[in-house]
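Hello,

Here is the structure I promised to pass on.

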Amino acid sequence: MSGRPAIRAERLLERLDRFAAIGATAKGGVNRQALTEGDREVRAMLAGLAGARGFSVAQDEAANLFLRREGTDAGLPPLLLGSHLDTQPTGGRFDGALGVLAAFEVLEALEDAGVVSERAAEVAVWTNEEGSRFAPGAMGSQAFAARALPPEWREARSTDGARLGTELAATIAALPVPLAPLGFPIAAYLELHIEQGPVLEREDTPIGVVTGIQGTLWLEVEITGQAAHAGTTPLGFRRDPMRAAAAAMAELYGGIMPADSDARFTIGRIEAEPGSVNAVPERVRFTIDLRHPDACELAALALRIRGVLESACAEAGCALSIRRLVDMPPTAFPEAMVERVEASARRAGLASRRIVSGAFHDALYLARCAPTAMIFCPCRDGISHNEAEHVEPRFAVAGATVLLEAALSLLGAADTASHPPIAASGPSAA
Ligand code: GLV
Ligand code: MN
Ligand code: MN
C-alpha cells in the first residue's frame with residue numbers, strides 16, 4: 001500500500017461538474033430522468049472511467065450498473081457503495097450524483113493507495129430512484145433486493161408515453177457489458193447523499209449519520225364524473241370531478257400537516273380530461289405523496305385520506321379509484337452501522353449528528369439485504385428537487401471522506417479496533 005487512501009477533492013469536484021453537464025438546464029440544474037438518453041450517457045461515462053482504472057463493469061436486467069474493484073478472495077460478497085444518477089425533471093446537480101461519484105472516488109482512492117482487501121468494493125448505480133418518469137421510485141434497488149423485476153413494471157408508462165420494458169432494454173443495449181444476476185449477496189451497503197432538508201446547514205454540522213428513513217406512500221387518485229358544458233350546466237346538473245378534488249384537497253391540506261408536524265402531504269401532479277377551458281372535466285387524476293416516520297400514523301393517515309376522498313366524491317356524484325404506486329415502510333438502520341459511521345466521522349475529524357431521512361433512498365431496500373448505513377451532507381437552504389440545489393465543495397468532500405473511512409473499516413483496511421471489518425463469511429457483523 002502506498003500511503004493512506006485519501007479523497008482527491010479536485011477530482012471529485014471536477015467529476016460532479018462534468019456529470020452535471022449531461023442534462024444541464026438553463027437555470028443551473030439537471031434534467032436527466034431515468035432511462036433517457038442523458039441517463040444512458042452518464043452511465044457510459046462512468047463505465048468508461050471504471051474501465052480506465054481496470055475496474056470491471058456489469059449491469060443487471062433492471063439496468064442497475066456495477067463497477068467493481070476486486071479483492072483477493074473472489075468468493076466473498078463485496079462491500080457495496082452506491083446511489084443514483086437519474087434526476088427529477090427540474091432536479092439538482094447533487095441528488096444521487098454525489099453519492100455515485102463519491103463512491104467511485106472511494107474506489108479510486110483505494111486503487112491510488114494500492115489497498116489490498118480480501119473483499120471486493122463495488123459501486124452500484126441504481127435505476128430510476130426518483131420515480132418521476134416511471135413509478136415506483138427506487139425501482140432498481142427494490143428489484144435488486146427482491147431479486148425480481150415485477151412483470152407489471154415492464155408495462156408501466158412514463159409521463160412521456162414510453163414503456164418501461166422498452167426503455168430498460170434500450171438502456172441495457174446501449175452499454176455492452178456482461179449481465180450480472182439481479183440481486184447477489186453483499187456484505188454491507190453504504191450510501192452518501194445530500195440531506196435535502198435544512199437541519200445540518202442550520203447547525204453547521206458537516207455530517208449527518210442517518211438512523212433510518214421515514215415511510216412513504218404514493219397514491220394515484222382518479223375521480224370520474226361527467227363532461228358537461230361549462231356555460232350552460234347548472235350546479236345541480238353537474239357531476240364535476242374537479243369540484244370533488246378541490247374539496248378533498250382543501251380538507252387534506254388543512255388537516256394533515258398543520259395537525260402533525262411529522263407528517264408530509266404533497267400533491268405534485270394533477271391533470272384533467274379532456275382539459276378544455278369550457279368543459280366540466282370528465283376525469284381528474286392527481287398524485288398524493290404521504291410520509292411519516294411512524295408506520296401506524298402513516299396507515300391511519302392513509303385511511304383518513306380515503307375517507308375524505310370518498311365523501312367528496314359522494315357529495316359531487318363522482319366515482320373514485322385509488323391506486324397505490326409506492327408503499328415504503330419506515331426503516332431503521334442497524335445501530336452498529338450507525339455507530340460505525342459516527343466513528344468514521346470522528347476519525348476524519350468531522351462533527352456529526354444523528355438524523356432521520358425525510359427522503360426515501362435506495363438504501364431503504366438495500367437494508368433488506370445487508371447491514372446498511374447512510375451519510376448525509378448539508379445542502380444550501382435545505383433546497384432539493386429544485387434546480388437551485390447546491391452543496392458547498394467542503395461538505396461534498398467531507399461526506400466522501402466519511403464514506404471512505406466507513407468503507408475502509410468495513411474492508412478491514414483501516415486500524416479501527418472498535419469496529420472490526422465485516423465478518424469474512426458475510427453480512428452478519430455490522
Ligand atoms: C426521493 O427522491 C424522494 O422523493 O424521497
Ligand atoms: Mn436521491
Ligand atoms: Mn431525489
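**Cysteines**

Cys369 is partly exposed, at 26% relative accessible area (buried is under 20%, exposed over 50%, partly exposed in between; 1.4 Å probe, protein chains only). Cys379, by contrast, is buried at 2%. The closest cysteine sulfur to that of Cys379 belongs to Cys377, 7.8 Å away and too far for a bond. With a disulfide taken as two cysteine sulfur atoms within 2.5 Å, the count is zero.

A word on conventions: this is a predicted model, in which local features need pLDDT of at least 70 and side-chain atom pairs count only at pLDDT 80 or more, while totals for chains, interfaces and linings use all residues. Residues are numbered from 1 along each chain as its sequence is written, chains are lettered from A and ligands numbered from 1 in the order in which they are written, and side-chain values use heavy atoms, leaving out hydrogens and water.

**Domains**

The protein chain splits into domain 1 (9-214 + 331-411) and domain 2 (216-328), with bounds from an automatic or database domain assignment. Their centres, taken over C-alpha atoms, lie 34 Å apart. Where they meet, 14 residues of domain 1 are in contact with 11 of domain 2 (heavy atoms within 4.5 Å). Between domain 1 and domain 2 there are zero salt bridges (a side-chain nitrogen of Lys or Arg within 4 Å of a carboxyl oxygen of Asp or Glu).

Best wishes
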